[in-house]
Amino acid sequence: MSVLRKLILPLVALALVASACASDDDEDAAPATEAPAAAEAPSATEAPEPEAEEMGDSSDPIRIPLHNWSSQLVGAEVVGGILEEAGFSVEYVPSDSQVVYQSMCDGDIELVHEVWEGAFGVAFQEQVDAGCVLDWATHNAVTREEWWYPIYVEDVCPGLPDWQALNDCAHLFATAETGDKGRFLGGPVDWLKGDEERVEGLGMNFEVINAGSAATLWAELDAASADNTPIVLFNWTPNFVEAVYEGKFIEFPTFEDACRTDPEWGINAELTHDCGNPADGYLKTGVGIHFPEKWPTAAAIVQRMDFTNPMLAAMAAAVDVDGKEASEAAQEWLAENEDLWRSWIDG
Amino acid sequence: MAAATEPAAGSAAPRSVTEHIRRLRGWRMALLLVSPYVAIQVFHQAAPGLFPDFLSKLGEFRFLPDWANEALLYLKNEQLAGLFNVKDVTRAVSGWLEYPLDLSEQLLIAGEGPFGLGAVPWVVLVGLFAVAGAALGGWRLATLAGGCSLYLVFFDIWDDSMITLSIVVVVAPLAAFFGWAAGLAAAKAKWFEGLLVPVLNVMQSMPHFSYLLPISVFIGIGDEAGAIATILFAVPPMARLTLLGLQTVPTEVLEAGLTSGCTRWQMLWKVEMPAARPQLLVGVNQVLMQCFGMTVLASFVGTRGLGLPLLNFLQSLRIGKALEYGVAIVLMAIMLDRLSQALGSRRPEHVEASTSWLARHPFWVAGAAVAVVGTALARVTDHAQLLPKNWTVSTAPVWEWLVDWVQLNLKGPLGHFRDFMILEILFPMRDGFGSLPWIGLLALVAAVGWRFGGWKLAAIVSLFVAYLAFSGFWIESMETLYLVVAALIVSVAIGVPIGVFASTSARRYAAVQVVLDTFQVLPSFIYLIPVVMLFRVGPVAALSAIVIYATVPAVRYTMLGLRSVPPDMIEAAEMSGCTRWQLLRKVKFPMAFPEIMLGMNQVLLFGLLLVIISAFIGGIDGLGDEILLARTEQALVGEGLVAGFNVAVIGLTADQLITSYARERKSQLGIN
């Protein structure tokens, strides 16, 4: 037994040193058997540590998610392109836009550059509170998510975009399954928009039908626009839709935090949610907790990156209206805005 | 179960009553089977105050989802038995997949990286596919393989399809191997078969979505995660078919092998495997179909390839482009399937040993020539390495025009159809299923189970229904069930006539086969968008999407059943002067009915898979919504799994009942 131990101990030590030298990030490479020995690891790894720090940033690829809307796809390759210019290697990983915060927490993704307050605020904040994702930067761009109608609806429903005017012509939006109530086509249930609470809070004559994905929202809008069928649906800006279909957001009572929590607030003294969504929601960049330690220079560059509404709209339109590939649009954006992103790199 | 043993052990009189009841036929039997259910329903409706609530719904019973959430979080965060963390182990194991995946990707497309190998130019690959086709199946297969791969080149899908292919060439052999090994083990060890078959049943009827989220937790996201998901999805049919193949090797063949003194090893490789070849080949076919079928879903866990662009095209309503990508998936699946089928069913050829090596291996020579010439060509012109964009074509404008036309001209009339379906059929049906007390469904299912499989089956299916009731998702399960049952009725109403029509001539049969293969592999996401354009978000759109997919097995099994009617029976009927209609109605159809019932079973399983995907349409609050909702928070990861398990249990209940019925009916008819 003791002979065996004599043999094994040096082997383990050797393996630990070797693995510590072989890669500066063991998260992926660590074999399962190393887990029980992990407690001993610090003593072995401490020695080479300063060396790694002198080198500055890690040479591992920075993993950026690709989601399923066009401004993000172009923006991801813009962010990646800038980081590549600055000397980093980048990897793009297709990823579900809800699950991505979990992936960032697990160390599978390094940064998300389009965190929308409305759609992903909850999932993002959960991981920030859990202490494994950092709220790293806020873009200049503001986001708005609200009930929206294509412009031709104004011809049959005067008084729009006021919400009371909308409520008065609820019957225009009625369908077989909603009876005499109007039909509001909401976003997917997992976006947690609180539309039903609002309908109740404002006493509106509408029924909320949740679409299953953004794609089905646009499919309905496209079909309705083909013969000017009245429709009111969930939409947001910046978004390619505004470049293809003209339309307006419904104006609800202005949002305040109290509206969601305090029933006393607003026109309905008994219920919450008697107001619209924030008209200027944030657009943030989130990074994994280890990102600034592992890639300090890259983290500083990412923090300086700042997108505006016109930039995002243009990125989306390049793909959705002009029919370019996302990578093509990203290359063009980089060529046209070199001064700007150079200033982000140089600080 | 006590009641089951009592009559058998006790007096003879009760047994004869049981026997008497069992011999009832037709409507009398049906009446008997539904009577417990009707009794419960009448009681429930007539005296709602007296009917105990817990026998009707257990909505607040949330034990299972909560427990699953905690169990999965525990596995993820804690050390199991103080030794190792499950997440670390699964991640380390899946990390090994990275090497073959990287290698195949570099060969096919990327052309750089640690292995230092250049990407193969498209001219070489297309040429090699064609040569392989020629070698394995003559000029027809060469045309098919060359044509399919040229489609990828000229429709500007080469890069993405090569990434998908690079994953499939790693995953499909692994899945086929694991499936084969599991099937072999089950065929050799009875206890393992008992263990494996229920596991396969559950794996095959779990919706893919419900295990994607746990995979993203335990494997991470990326190509490996998609590869693991695909393997999980593709192993069961291979295992099942291997088991079937080995179990149905004729005893004469086995005896012949034994008498000629084969060792166990020789028996396996020289006797049993060749004898099981037809089933093994079907297994390989299913593995490939499943691998390509997962392409789009795998992109939800970060796998690259054709999936993500396809979803993005749909997102910006570029249906034509999405369709071209979908067709690319279908063509690659068909190409690889036909090549592997030809390879698997090749017979040894006898060539004169005296001829030169060159003459004996013409296709190796041709392949080498293609590689050399193609590589040289790629050095000369970049066009041979990667075709420039302005040389590529697209049919997208045609499809987009078609979609516009359909919207303008069909939306009106279809709107009336939609309203009628919702108000007169679907909503009443939904309310009916929604008000069903679980004990009533249990009684019905148990009665049917008892009739076709005795007390044992009755107990099993009762357990399934009881699980649904206690799972915490009873209402959602019923919402899902109603839609699937509605889709089943429509699919059978459409599919059976098509099957009858297609089975009347060999040519029609072949043509319909191609259409069926296409619809089975074409990513269902593609038709989610057009159905929403026509029927708006809601149950009718979901129903149409399910029907498109679930009609495939209805047609397939009807054809199979009708074509397997013994020819002497048809002859006898014709001799006795049957008209064609009589022949179909009185002879062929009754004979084919058990097979058609098995088809209905498949319709239901297909429908259950798609009802979850149709949650992307929206407007229905079934199990699919629960699975999608589980994505928002990691604390819900177990809930999604439980909801997925509910789907599997619904499928298994139907599966048990229908297969027992078909087995009994087949033995009565003297088939097999």
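Me: What makes chain A and chain B count as being in contact?
Reply: Contact is heavy atoms within 4.5 Å, and by that rule 58 residues of chain A are in contact with 52 residues of chain B. Bear in mind that this is a predicted model, where local features need pLDDT of at least 70, side-chain atom pairs count only at pLDDT 80 or more, and totals for chains, interfaces and linings use all residues. Residues are numbered from 1 along each chain as written, chains are lettered from A in written order, and side-chain values use heavy atoms, without hydrogens and water.

Me: How much area do chain A and chain B bury between them?
Reply: About 4300 Å², with 56% of it on carbon and sulfur atoms. Buried area here is the accessible area (1.4 Å probe) that two parts lose on being put together, summed over both. On the chain A side, P94(A), A176(A) and E177(A) supply 12% of what that chain buries against chain B, more than any other three residues.

Me: Why is the pairing of D106(A) and R91(B) called a salt bridge?
Reply: The rule wants a side-chain nitrogen of Lys or Arg within 4 Å of a carboxyl oxygen of Asp or Glu. For D106(A) and R91(B) the N to O value is 3.8 Å, so the pair passes. Across the interface of chain A and chain B, the rule finds four salt bridges.

Me: Which residues of α10(B) and α29(B) meet?
Reply: From α10(B) they are S210(B), Y211(B), L213(B), P214(B) and V217(B), and they meet V637(B), G640(B), L641(B) and G644(B) of α29(B). These contact residues divide into six nonpolar, three polar and no charged.

Me: Where is there a cis peptide bond in chain A?
Reply: One joins L160(A) and P161(A), with omega about 10°. The bond from T237(A) to P238(A) is cis too, with omega near 0°.

Me: And what is the phi of N228(A)?
Reply: Positive, about 55°, although N228(A) is not a glycine.

Technical notes. Helix = DSSP H or I, 4+ residues; strand = E, 2+ residues; numbered from the N terminus. Nonpolar A, V, L, I, M, F, W, Y, C, P; charged D, E, K, R; others polar.
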